[in-house]
Every structure is written in C-alpha cells, then in structure tokens.
Amino acid sequence: MAQRLKAEIKLAGINPYVEVAERLTAAMGGPQARVLVRIGQAAQSATTEVKDAERLVAIGRLTEDGWFRSTLVPSKSGPTRLYLDQWMRASAGAGVGDEVEIQLRQDEGSRELQVPAALVEALLEDQAALAAWEGLTSSRRREILTYLNFLK
C-alpha cells in the first residue's frame, strides 16, 4: 500500500531531496529502505510521463508501471531523506523550493540489471574476459551494465 507525503524540495549541496517523516520511514522499512516513488506537483495528481522511460526501465531506475526506484537515505542532521534525481523532478515539473506530492511504497522487486546478449556472448568466447568480469565488484558490474543499458 502506498504512503503519501507532501514536502518541499530542498537542497543538500547540489542534491535535491525531500524529508521523510519518521513514521513514513518506519512504514517503508526504516532508513536505507528500498522504495518505489511517484511524484507530482502538490496541486496535481502524480504523473507517470517520464522522458526516456524505456531507457530508465533498462537501467533499473523505473519500473514497467512507472514507479521510480530509489532508496531512503539516513541523515545525521535530521529526518531521513529521499533524493530526487533529474528524471523524478522533470516528471513532476518541479524544482527546488516547490512543494510536491509523493507516493512511496516498498520495493520488493529485484534490482538486478539485464546483461546485454552481446556481452554474454563475448564473455563466453573469451575466458580471460569472463574471469576479469567475474572478478569485478558487484557495484562495478552494475555501473558498467547501467552504462551499457543506457546506450541507444
């Protein structure tokens, strides 16, 4: 079940975010919880119109049904934060200082990225490359797959 909040978009350094109240953080599974996010201007309903939606689905940032994938981030100086990337803000037509309506729900889906068929084929043909790929940390493999899946 989705939880709702209205919040002003603030800025931490160069990073736009909204504060998530403790009760909502707990309902989502606590700080660092994986969440699905829909965002809209407070005066409108949340929108699912997202530029580059197909590419964002490919890199695991957007679900097939239009929810953004994100993670709550604990803050030392206050409430938990939900950072809003450029695609989230653009889908709502909102920027820093604007009030937005956000729907959150727990993300129980897999965040594994698909390995492009051409990469699988190339790795299977070259054992040294396969060994090097398997020797990479999971975060490095994810970074590479995100890049490859974002290419047109």
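These are my notebook entries on one protein chain, taken from a predicted model.

**Overall layout**

I began with the whole chain. It has 152 residues, and 38% of them count as buried. I looked up the secondary structure next and found six helices and eight strands. Reading along the sequence, I wrote down the pattern β-β-β-α-β-α-β-β-β-α-β-α-α-α. The C-alpha trace spans about 55 × 30 × 30 Å along its principal axes.

**Contacts and surface**

For the surface, I noted that the chain exposes about 9100 Å². Carbon and sulfur atoms supply 49% of that area.

**Strand β7 and its partners**

Which strands pair with β7? I found β3 first: residues 15-20 run antiparallel to residues 78-83 of β7, and four bridges join the two strands. In this pairing I located tyrosine 17 opposite tyrosine 83. I also found β6, residues 73-75, which pairs with β7 in the antiparallel sense over two bridges. Here valine 73 stands opposite arginine 81. I noted that β6 and β7 form a hairpin, with two residues between them.

**A nonpolar patch**

Last, I looked at a nonpolar surface patch. Tyr147, Leu148 and Leu151 make it, and it covers about 290 Å². I traced leucine 148 to helix α6, residues 138-150. Why is leucine 148 called partly exposed? Its relative accessible area is 31%.

Methods:
Residues are numbered from 1 along each chain as its sequence is written. This is a predicted model: local features need pLDDT of at least 70, side-chain atom pairs count only at pLDDT 80 or more; totals for chains, interfaces and linings use all residues. Side-chain values use heavy atoms; hydrogens and water are left out. Two strands pair if DSSP finds at least two bridges between them. Patches are made of residues with over 30% relative accessible area and no salt bridge: like charges are joined within 9 Å, nonpolar side chains (Val, Leu, Ile, Met, Phe, Trp, Tyr) within 5 Å. Accessible areas come from the Shrake-Rupley method with a 1.4 Å probe; for residues, only the protein chains shown count as cover. A salt bridge is a side-chain nitrogen of Lys or Arg within 4 Å of a carboxyl oxygen of Asp or Glu. Buried means under 20% relative accessible area, exposed over 50%, partly exposed in between (1.4 Å probe, protein chains only).
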